[in-house]
Amino acid sequence: DAVSQIDVTNTSNTNTVDTAAATTITDDADVSTTTLSVLSENYATSTLFATSTAKTGENVAESSEGSASVSTGDAYASANVVNSVNSNFVGSNGAFQLLNLFGNMFGDVSLSMENGAGCSFLCFLTQLFVQSHNSAYLENNIAVTASTGGNTALSTAGSADISTGNAFAAANVINMVNTNVVGSDYLAFIMNAFGSWEGDLILPPGSFFSAEGGKEKDGCCADGNAAVINTNGLDAENNVAASADTGGNSAESGEESIINTGDAAAVSNIMTIANTNIFGNNLLLLYVRTGGRWSGRIFSLPSGINIIGMEDGFVIDGFSAARRARSLGGGSGTGSTTIADTSAARITNTVSAAASTGSNNAVSGTSTSIATGSAFAAANVVNIANTNIIGKNWLLAILNIFGNWNGDLAFGRPDIWVGTSAEGPSPLGDGAPVEFTVTYRNNGNAPATQSLISFNFGELFRVTNPNSGTVNAEGHTISFNAGTVHPGSSGSFTFTAQARNSSTGDSQ
């Protein structure tokens, strides 16, 4: 096998501002004013050339008497590039995650951001000023190649056989240019699963997209004022290509020739958010592409989130709703946030991912055979430019699944706890009544819908008063319909049963 991987993180003129830099002044009337000012002037030029190549092919086997055969291993090539240029992160935390999975995957992928931003520091800040002048030129030249083919087998007297391994190529680029992220937690995520996936995709729960923009229930953020003055210009050129090839094979023989080719699939994605202001909202934009069949369901879809079907997958769009204006500011309702931004950016992406297992040639006087492996290629580019994000949490993701996906898409997950108590006379004799209480609570972060809670009371009891429960006498169970149990909600059911066919001191 051959493996080639390149990981590049390029940080230019990127400022992380600690909110402890805020200044608080108390006047004679004992009124406090907290002010934070961020002033930046940045100029950056960045040019990146990166190639990642893995090859096991281009072999030659020749024989004038016996057989000639070539068998190649797999080839894995990837390049992950993150550019953060002329950007300010004020009171924010986040990550850029790039994941390439070769082969079948088992297990869940959680993008729930459970530890995301709660009450923003903006809630307690009276005045925030951000002023930036940015100019950026960014050029990425990324080429990823994985090849196991291009082999030759020649035999005069015997057979000629070629068998090639699989080829996987992935190129991922994330550019954040001239961007202000204020009071937010963020995650930019790209996943390439080059096989099948058995598992669920867990996204933020419905509360993440609540009408309050994800603000805490106690209303820690009162309304304030936000003003943004932008003078932005973006010139973006994206040349993104992905190719996969298992064909182009040639087999010649005096008797029998057989060619079997593997699967080939290639995907390319470009996601650009530019010249945009997002206030006080939690943001989700996710693109899922499946090369095979998806066997799953969607649970707890929040209001305002749209599922847009595509030919090869679907888009989860929470971005359109997030762009609707919201207010935010200081805890007293008099806070203000002012951003004056002058930004110019030119971004040129030339990104390619190529996977090949074909172009093999077998010649024999008797028999020939060619069997090629599968070829998969993915090229992904995310551009975030001249953008102000002020508020809470945002998640941008691209998931490429080349095989089948057997799993659910869930906005959060319920977690139902159930406990039972019993109360009766002591000692408990034959025929004595017992009152059972079944208590439940949803400790998860998503509603549990169509909930049915069952309790097995065993052979030594007979239910005399089921209340709202349904009794299955043969199965010795009683069931209660709890309906929809929201996160943090709880409830209980009671029923009365009578001990039977048991002797005191002999039965527990």
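Predicted model: local features only at pLDDT ≥ 70, side-chain atom pairs only at ≥ 80, totals over all residues.

Author: What follows is a chat about some strands, contacts and salt bridges.

Reader: Ok, where is Val 82?
Author: Val 82 sits in strand S7, residues 75-85. Strands (E, at least two residues) and helices (H or I, at least four) are DSSP runs, numbered from the N terminus.

Reader: Is Val 82 buried or exposed?
Author: Val 82 is buried, with a relative accessible area of 11%. Buried means under 20% relative accessible area, exposed over 50%, and partly exposed in between, using a 1.4 Å probe and protein chains only.

Reader: What is Val 82 in contact with?
Author: Leaving aside neighbours within four places in sequence, Val 82 is in contact with Val 8, Thr 9, Asn 10, Phe 96, Leu 98 and Ile 174. Contact here means heavy atoms within 4.5 Å. Also, Val 82 and Val 173 are 91 residues apart in sequence, yet their C-alpha atoms are 5.9 Å apart in space.

Reader: What about Asn 42, buried or exposed?
Author: Asn 42 is buried, at a relative accessible area of 8%. Asn 42 belongs to strand S4, residues 32-55. If you don't count residues up to four places away in sequence, Asn 42 touches Asn 13, Asn 15, Asn 86, His 133, Asn 134 and Ser 135.

Reader: Let's switch to sheets. In what order do S6, S14, S21 and S30 come?
Author: These four strands form an open sheet in the order S6-S14-S30-S21, with parallel pairing. The edge strands are S6 (68-71) and S21 (256-260), and each pairs on one side only. Two strands pair if DSSP finds at least two bridges between them.

Reader: How do strands in a sheet hold on to each other, parallel or antiparallel?
Author: Strands of a sheet pair through backbone hydrogen bonds, and the pairing can be either parallel or antiparallel.

Reader: And how many bridges do S21 and S30 pair over?
Author: S21 and S30 (residues 367-371) pair in the parallel sense over five bridges. Ser 257 stands opposite Thr 368 in S30.

Reader: What order do S11, S18, S25 and S34 take?
Author: They form an open sheet of four strands in the order S11-S18-S34-S25, and the pairing is parallel. Here the edge strands are S11 (109-110) and S25 (298-299), each pairing on one side only. S11 and S18 pair in the parallel sense over two bridges. In S18, Ile 202 is the bridge partner of Ser 110.

Reader: New topic: how many salt bridges does the structure hold?
Author: The structure holds six salt bridges. A salt bridge is a side-chain nitrogen of Lys or Arg within 4 Å of a carboxyl oxygen of Asp or Glu.

Reader: Which side chain does Asp 200 meet in a salt bridge?
Author: Asp 200 meets Arg 413, at 2.5 Å from N to O. Asp 200 lies in the loop between strand S17 (197-198) and strand S18 (201-203), and Arg 413 in the loop between strand S34 (409-411) and strand S35 (416-423), so the pair ties together parts that are 213 residues apart in sequence. Asp 200 is buried at 18% relative accessible area, while Arg 413 counts as partly exposed at 35%.

Reader: What does Arg 346 form a salt bridge with?
Author: With Asp 235, and the closest N and O atoms are 2.6 Å apart. Arg 346 lies in strand S28 (residues 336-356) and Asp 235 in strand S19 (residues 225-245), so this pair ties together parts that are 111 residues apart in sequence. Arg 346 is partly exposed, with a relative accessible area of 28%, and Asp 235 is partly exposed too, with 40%.

Reader: And what about Asp 312 and Arg 289?
Author: Their side chains meet in a salt bridge, 2.4 Å from N to O. Asp 312 is in the loop between strand S26 (306-310) and strand S27 (313-317), and Arg 289 is in strand S23 (residues 283-290), 23 residues apart. Asp 312 is partly exposed at 23% relative accessible area, whereas Arg 289 counts as buried at 14%.

Reader: Thanks, that helps a lot!

Key: Residues numbered from 1 in each chain as written. Heavy atoms only, no water.
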